[in-house]
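User: I have a model open and want a quick walk through its contacts. Can you take my questions as they come?
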Amino acid sequence: MNMRKIYRKVAKEYGVSVEEQFIRDRLSKLREEKQVSERKMSLDLGHSTSYIRGITSGRSLPSMSEFLYICEYLGITPSEFFKEEKETTLTQQKAIDYIYTMTDEDIQLLI
């Protein structure tokens with residue numbers, strides 16, 4: 001199965017339609033929120049300096065395993081990648097993740 005079909009299947013599972021432009025735009029947005037350049041992200045992921053640029057320009061799509069590494073690098077889950085309506089920053093997401101580790105009593109104190 002080619003990557004386009006895999007991405008469509010995963011997106012369908014999460015109830016969203018996926019176009020290649022969505023993947024490019026979403027990756028760019030999340031990368032910018034993390035405040036990292038395409039070059040640095042490419043190198044951090046162990047690729048050539050133009051790897052992420054190739055994805056965001058539409059020349060290629062990452063393999064599924066690379067997509068999972070990209071999500072891990074960005075600090076999100078694959079489902080969060082496809083949920084465009086969720087407009088939380090990475091800092092907000094870290095706070096949300098931390099809340100899940102708190103007791104109900106601590107959450108009430110926070111509120």
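User: Phe-22 and Phe-82: buried or exposed?
Analyst: Both Phe-22 and Phe-82 are buried. Buried means under 20% relative accessible area, exposed means over 50%, and partly exposed is in between, with a 1.4 Å probe and protein chains only. A word on the source: this is a predicted model, where local features need pLDDT of at least 70, side-chain atom pairs count only at pLDDT 80 or more, and totals for chains, interfaces and linings use all residues. Residues are numbered from 1 along each chain as its sequence is written, and side-chain values use heavy atoms, with hydrogens and water left out.

User: How many aromatic pairs are there?
Analyst: The structure has five aromatic pairs. Rings of Phe, Tyr and Trp (its six-membered ring) pair if their centres lie within 6.5 Å; planes under 30 degrees apart are stacked, over 60 edge-to-face, and the rest tilted. Phe-22 and Phe-82 make a stacked pair, 6.4 Å centre to centre with 15° between the planes.

User: Which helices does that pair tie together?
Analyst: Phe-22 sits in helix 2 (residues 20–33) and Phe-82 in helix 6 (residues 78–82), so the pair ties together parts 60 residues apart in sequence. Helices here are DSSP runs of H or I with at least four residues, strands are E runs of at least two, and both are numbered from the N terminus.

User: And what kind of pair do Phe-81 and Phe-82 form?
Analyst: The ring centres of Phe-81 and Phe-82 are 5.3 Å apart and the planes are at 80°, so this pair is edge-to-face. Phe-81 and Phe-82 are both buried. Phe-22, Phe-67, Phe-81 and Phe-82 form one aromatic cluster.

User: Which residue lies over the face of Tyr-73?
Analyst: That is Lys-34, at 5.1 Å from the ring centre. The test needs NZ of Lys or CZ of Arg within 6 Å of the ring centre and within 35 degrees of the ring normal.

User: Zoom out. How many helices and strands does the chain have?
Analyst: Eight helices and zero strands. Of the 111 residues, 34% count as buried.

User: What share of the contacts comes from residues 24 or more positions apart?
Analyst: They account for 55% of the contacts with a separation of 6 or more. Contact means heavy atoms within 4.5 Å.

User: Now charges. How many salt bridges are there?
Analyst: The whole structure has four salt bridges. The rule is a side-chain nitrogen of Lys or Arg within 4 Å of a carboxyl oxygen of Asp or Glu.

User: Which residues are linked in a network?
Analyst: Arg-31, Glu-32, Glu-38 and Arg-53 are linked by salt bridges. Glu-38 bridges to Arg-31, with the closest N and O atoms 4.0 Å apart. Arg-53 also bridges to Glu-38, with the closest N and O atoms 4.0 Å apart.

User: Which are the accessibility values for Glu-38, Arg-31 and Arg-53?
Analyst: Glu-38 is buried at 17% relative accessibility. Arg-31 is buried too, at 11%. Arg-53 is partly exposed at 41%.

User: What does the side chain of Arg-31 reach besides that?
Analyst: A polar atom of the Arg-31 side chain lies 2.8 Å from the backbone oxygen of Val-36. A polar contact is a pair of N or O atoms within 3.5 Å; within protein, one must be able to donate a hydrogen and the other to accept it, and residues adjacent in sequence count only if both atoms are side-chain atoms. Not counting residues up to four places away in sequence, Arg-31 touches Val-36, Ser-37, Glu-38, Met-41, Ile-52 and Leu-74.

User: Which salt bridge does Asp-44 form?
Analyst: Asp-44 pairs with Lys-40, the closest N and O atoms being 2.9 Å apart. They are four residues apart in helix 3, so about one helical turn separates them. Asp-44 is partly exposed at 40%, and Lys-40 is partly exposed at 44%.

User: Last one: where is Ser-42?
Analyst: Ser-42 is in helix 3 (residues 38–44). Ser-42 is buried at 0% relative accessibility. The side chain of Ser-42 reaches the backbone nitrogen of Tyr-51 at 3.4 Å.
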